[in-house]
Amino acid sequence: MDQYDGDEDYMPQEDDWDRDLLLDPAWEKQQRKTFTAWCNSHLRKAGTQIENIEEDFRDGLKLMLLLEVISGERLAKPERGKMRVHKISNVNKALDFIASKGVKLVSIGAEEIVDGNAKMTLGMIWTIILRFAIQDISVEETSAKEGLLLWCQRKTAPYKNVNIQNFHISWKDGLGFCALIHRHRPELIDYGKLRKDDPMTNLNTAFDVAEKYLDIPKMLDAEDIVGTARPDEKAIMTYVSSFYHAFSGAQKAETAANRICKVLAVNQENEQLMEDYEKLASDLLEWIRRTIPWLENRLPENTMQAMQQKLEDFRDYRRLHKPPKVQEKCQLEINFNTLQTKLRLSNRPAFMPSEGKMVSDINNAWGNLEGAEKGYEEWLLNEIRRLERLDHLAEKFRQKAAIHEAWTEGKEEMLQKRDYETASLSEIKALLKKHEAFESDLAAHQDRVEQIAAIAQELNELDYYDSPSVNARCQRICDQWDALGALTQKRSEALQRTEKLLETIDQLYLEFAKRAAPFNNWMEGAMEDLQDTFIVHTIEEIQGLSTAHEQFKATLPEADKERQAILGIHNEIAKIVQTYHVNMAGTNPYTTINPQEINAKWDKVRQLVPQRDQALIEEHARQQNNERLRRQFANQANVIGPWIQTKMEEIGRISIEMHGTLEDQLTHLRQYEKSIVNYKPKIDQLEGDHQLIQEALIFDNKHTNYTMEHIRVGWEQLLTTIARTINEIENQILTRDAKGISQEQLNEFRASFNHFDRKRTGIMDAEDFKTCLISMGYNLGENEFSRIMSIVDPNRMGIVTFQAFIDFMSRETADTDTADQVMASFKVLAGDKNYILADELRRELPPDQADYCIARMAPYTGPDGVPGALDYMSFSTALYGESDL
């Protein structure tokens, strides 16, 4: 048996076509009719047809003709002889042409076709149908059979009683065929009258309409489909593919959109994969970068607990932290390979990760991580065992050191106490007895100190990791021991010397206390007076304070003599202390006043005297300067204030009066504005003077009634008023030009407005405006006046500006009606009907705008309406505010 293989496979052959078994009789019957009709739909283009599918293709002539018609290509010249060899040659030419199109014809040979083998002939025709009628069908990312099925599902999705899941039982009730026709040609079938429980009517309706209006031959029998439990899938696919090709013209736009969506979807998916790869690679490399220094750190910790924690951290790393990263690395490589495959399959250039983020870069970094990890755990265990060996000896050192340190605690402080300096004679003798007992205890602890030094020496020889702290502690103990010996001897000598000097010093303390107290009180009173804050407003007040200050300074020489005498007593005590090396850390038992305090207060008094002098001088000068600043500000403010008021009044007159055209008024106002802006330097100068007054803390000025705040508010109002007036004139020009208002009309508007602006404020209140409208002939009721006021006064402030007045008057002369234009457009879409249907809106408008109209259009209630009719006329008027939506 011959076998034909093309250069490439276009699609796998159907697995359910078993050429070694007979076809199901019902299916064979359906296939004969369907395949015969399909072949004739193409052969009739060449002016011929077949009657018996296995007999009429035996000589190969009509088979070659069929291939030429459906491919549009010319085949090799056929043999015209009647012999079997001629027929086999023709069939082989046809089979070779099929194979050249990338179709594998497994187990189908020319002899079977020539012999009229029905099973092989039907198999060959099905292969041709697959290649030329179904293979090129493509919907989104699916093609061939799946693409055709997806096309059917998409087209029948709006029909709730149609559920296409396959090419057999999903079509038995006939609604699927009717839905395809109705979706593309709704005028051909009244779909609403079809019933799911009447499949014969549905099928015959679809077959007849397709043959009559769509030029699709009747390839199936309704009786065969209804009477078969599972209709033949190939017959159904062949017939449905004819619908697809019949409607292919309408599919061009959808196909183009689907192709774009497919390309964009592939591109977006690839970009997301690239972003995911970059992020995963960055995160993994960052984790490796942080982890390697931690694994390379071989510095031992100072304690067993710390080393054990390091070991536990490492085991957590092995058990908890590293496994997820191994998975991430594997997933990264999988993602990279998947992405490259997808890019290659979709004809995209290969993905090149950012510099340093290639898979090879990640593998290199991972290798460095593994190298750093190697040997880390073994080092940790060895270090822990070494620490265990040394900890015992170190603990012994710590115990002995702790006992000694506990004994010595407080001893240095006790020996360094200066309690003898303030003790009485009897207390000094008691301290001497206590000191002798301590000297005996000190000699008994000599042996323990020697043992501590010996253990420290042994730890040094064994290279204990904490030797520096051991040595430091041992050194502190030895140094402390030596210090205790020296302090003991020193305290003994001090106690004995102090005993002799205490009586002499006590007498001098008493005399010092008697004279220091009153002098201290005098200095505190003087400091209080010198630092007293004064508040004055005149030069006379300052002169009175200066006279009193001069009288105080005259008493200072006598006070200084008393101070020297008091300090002489203290110096005598200091001479005794210096001569006999007595430590005077203690205080005078008769007073809390000391020489340092006396000198400090005396120095403070002398320091405050010139400060008081300077303060009085500065205050005198400040009062003179404040008066000058007051007069300087007042002179300018008394000129600027009236000037601003005058300009405000002039602008008010300009805005009401009518002199020349609007352009002349605008030119005049801009020149006026320029003159106002040129006045700004004087305002700035006044601001500078005001700043000086504020800095001088001057809060009143009897020379003027104007404040800087008054000037600022007036200036801002002046600028705002001239800018607003100019803007009003510009708006009037725009309104005049846009509405075609003549200068005479505008003058009439202004004259009417000014006439009824009784308060001459440039605005009319509601009553003035109503009077104006009545004078112009308006017949106003309350509702009509309220409507007009809502136009000219949308903010409901109760006033009407000249611009609003002009807009209203110009609007009264305008004549536009765009709502009629919109109604005319809807009437075009509705086919000149007075109503429109939802399907017509969805067919002509974008989906979101169609849904917007359907949701807001009221039902049409006219006599010519039909179910579902919508009122586009009321909707159009509502768009322009003439009714409510």
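This is a predicted model: local features need pLDDT of at least 70, side-chain atom pairs count only at pLDDT 80 or more; totals for chains, interfaces and linings use all residues.

Trainee: How many salt bridges does the structure hold?

Mentor: It holds 45. Take one case. Lys 193 and Asp 190 meet through their side chains, at 3.5 Å from N to O. That counts as a salt bridge because the cut-off is 4 Å.

Trainee: What should I look for inside a helix?

Mentor: Start with the general idea. An α-helix has 3.6 residues a turn, so residues three or four places apart point the same way. Now the case here. Asp 316 and Arg 319 form a salt bridge at 2.4 Å, N to O. They sit three residues apart in helix H13 (residues 304-345), so about one helical turn separates them.

Trainee: Which other pair in H13 lies three residues apart?

Mentor: Glu 328 and Lys 325 do, again about one turn of the helix. Their side chains form a salt bridge at 3.5 Å, N to O. Glu 328 is partly exposed, with 23% relative accessible area. Lys 325 is buried, at 16%. There is also a network: salt bridges with shared partners link Arg 318, Lys 322, Glu 370 and Glu 373.

Trainee: Which residues of H14 are buried?

Mentor: Val 359, Ile 362, Ala 365, Trp 366, Leu 369, Ala 372 and Glu 373. Look down the axis of H14: these buried residues fall within an arc of 140°, so they line one face of the helix. Just after H14, Gly 375 has a positive phi of about 80°.

Trainee: And what about a buried charge?

Mentor: Ask what surrounds it. Asp 232 lies in the loop between helix H10 (222-227) and helix H11 (233-246). Asp 232 is buried but has no salt bridge. Lys 234 is the nearest side chain of opposite charge, 5.2 Å away.

Trainee: Which side chain does Asp 232 join in a polar contact?

Mentor: That of Gln 31, at 2.8 Å. Leaving aside residues up to four places away in sequence, Asp 232 touches Trp 27, Gln 30, Gln 31 and Phe 167.

How values were computed:
Residues are numbered from 1 along each chain as its sequence is written. Side-chain values use heavy atoms; hydrogens and water are left out. Helices (H or I, at least four residues) and strands (E, at least two) are DSSP runs, numbered from the N terminus. Buried means under 20% relative accessible area, exposed over 50%, partly exposed in between (1.4 Å probe, protein chains only). Lys and Arg count as positive and Asp and Glu as negative; His and the chain ends are not counted. A polar contact is a pair of N or O atoms within 3.5 Å; within protein, one must be able to donate a hydrogen and the other to accept it, and residues adjacent in sequence count only if both atoms are side-chain atoms. Contact means heavy atoms within 4.5 Å. The arc is that of the directions from the helix axis to the C-beta atoms.
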